[in-house]
Amino acid sequence: MLAPAAAQATLVYVRNPNKPVVWIAQNNGSQAHKLAQGSTPRVTPNGSVVVYENAPTSGGNYTPKLMVTPAAGGSSRTLATGWRNPFVFAFSPDSSTIATVLGPEIGSEQLVLINLETGVQRTVAKGYFSAVSFSPDGTQIVYGRSASERYPQSSDIYQASVSGGAPVAITHDHHSLSPLWGPNGKIAFVKQLEAKQRLYGPKNELYLMSESGGSVKRLTHTKVAPLLQGLTPTQWSANGTRLLAEFGGEDTSYAVTVNPSSGAQHRPGSGQIGLGFVGDALSADGSTILGSTGGFEPGPGHNVVTVPYGGGKPTVLARNAYEPDWNR
């Protein structure tokens, strides 16, 4: 049985990139302690369970596994094997189900739904995936899928019922990916633009659409230099008035806030912590961004911090740490 929901919000992160260890703490960084050896931790919305990638062992071939352990401490168990793309990942709002991709080191992936308690899996689709997101009521998912690995991706966004049935394409332009289902019937997603004009590939711009794929509206107009990709949506606030995104590309990843009404963009914390603030999560009330300093590549200069959404001084929660997540 899964552990009961935690009384307070829970923070998880990783230390020591050479031999990564998952740590757990209260959401203000207090009462920190080691939880398991591994990386890429995620905590369920109710704070009761943490999943993570197992740590490589010396010698032999490494098979990445999706592990699960109670947040309160206890034995870990393997939930799935072949977890090679942990960044295509979402919890259902009720904390019962994971949506993620499994597959071989080379070749097509499977988008699966996994019951956290029983480990039962259901394959939703096969291909190459950019993101997956649950509807606010947990009955549907949306995901970006392309049939091949070629770049630029020929990708569209699909919707599928958690209870079963054939997925339905809700975009048809072959340039749409990375959907993020938000409140108020809106889905934020990426369109790849200007592929023919840009020497090194298209740029990402954020768009909004309805849950059925209609009412498509361009949200952002972003300057994207060569070798950079642009914006990808990260998390909505619970009321839909704030949106966190990440600006990425070669050797580049930093947090950007986006106004869902106007498309206006802002670099939170850039005056306080430099250019390397990676944004990992947004609090439900939209007031606070959780992330890490030091840029996109794990190293000793990373600290897990929070930054006010509207700008202001960062607060350090854990030093020499990275890959944070919380359920705040």
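These are my notebook entries on a predicted model, written for someone meeting the structure for the first time.

**Entry 1: a run of strands**

I began with strand β9, which covers residues 109–115. How many of its 7 residues are buried? I found 5 of them buried, so I noted β9 as mostly covered.

Next I looked up the partners of β9. Strand β8 (residues 97–102) pairs with β9 in the antiparallel sense, over 6 bridges.

I wrote down two facing positions here. Leu 111 stands opposite Ala 125 in β10, and Ile 114 stands opposite Gln 121 in β10. The hairpin of β9 and β10 has 5 residues between the strands, with Gly 119 at a positive phi near 80°.

Why did I call β10 largely enclosed by the rest of the structure? Because 10 of its 14 residues are buried.

I then followed β10 to β11 and found antiparallel pairing over 6 bridges. Val 132 stands opposite Tyr 143 in β11. In this hairpin there are 5 residues between the strands, and Gly 138 takes a positive phi near 80°.

A reminder to myself about sheets: strands pair through backbone hydrogen bonds, either parallel or antiparallel.

**Entry 2: Tyr 143 and other rings**

Tyr 143 had already turned up opposite Val 132, so I stayed with this tyrosine. Is Tyr 143 buried or exposed? Its relative accessible area is 1%, so I put it down as buried.

I searched the whole structure for aromatic pairs and got 6. One of them joins Tyr 143 and Tyr 158: the rings are stacked, 5.6 Å centre to centre, with 10° between the planes. Tyr 143 belongs to β11 (residues 140–146) and Tyr 158 to strand β12 (residues 155–161), so this pair ties together parts that are 15 residues apart in sequence.

I also noted an aromatic cluster made up of Trp 83, Phe 89 and Phe 91. Which residue puts its charged end over the ring of Phe 89? I found Arg 42 there, 5.7 Å from the ring centre. Elsewhere in my list, Lys 191 lies over the face of Tyr 207, at 5.1 Å from the centre of that ring.

**Entry 3: two serines**

Lys 191 came up again when I looked at Ser 176, which touches it. Ser 176 is found in strand β14, residues 176–181. With a relative accessible area of 0%, Ser 176 is buried. Leaving out residues up to four places away in sequence, I listed what Ser 176 touches: Ser 155, Asp 156, Ile 157, Thr 171, Phe 189, Val 190 and Lys 191. What does the side chain of Ser 176 make a polar contact with? I found the side chain of Asp 173, at 2.9 Å.

Then I turned to Ser 48. Where is it? I located Ser 48 in the loop between β3 (33–43) and β4 (49–54). Ser 48 is buried, and its relative accessible area is 3%. Its side chain makes a polar contact with the side chain of Asn 46, at 2.8 Å.

**Entry 4: an open sheet**

In which order do the strands run? I read the order as β22-β23-β24-β25, forming an open sheet with antiparallel pairing. The edge strands are β22 (278–282) and β25 (315–319), and each pairs on one side only. From one strand to the next, the twist averages 25°.

β22 pairs with strand β23 (residues 288–292) in the antiparallel sense, over 4 bridges. There I noted two glycines facing one another: Gly 279 stands opposite Gly 291 in β23.

Definitions and conventions:
Residues are numbered from 1 along each chain as its sequence is written. This is a predicted model: local features need pLDDT of at least 70, side-chain atom pairs count only at pLDDT 80 or more; totals for chains, interfaces and linings use all residues. Side-chain values use heavy atoms; hydrogens and water are left out. Rings of Phe, Tyr and Trp (its six-membered ring) pair if their centres lie within 6.5 Å; planes under 30 degrees apart count as stacked, over 60 as edge-to-face and the rest as tilted. Buried means under 20% relative accessible area, exposed over 50%, partly exposed in between (1.4 Å probe, protein chains only). A charge sits over a ring if NZ of Lys or CZ of Arg is within 6 Å of the ring centre and within 35 degrees of the ring normal. A polar contact is a pair of N or O atoms within 3.5 Å; within protein, one must be able to donate a hydrogen and the other to accept it, and residues adjacent in sequence count only if both atoms are side-chain atoms. Two strands pair if DSSP finds at least two bridges between them. Axes are lines fitted to C-alpha atoms, for helices over the stretch in contact, and angles run from 0 to 180 degrees between N-to-C directions. Contact means heavy atoms within 4.5 Å.
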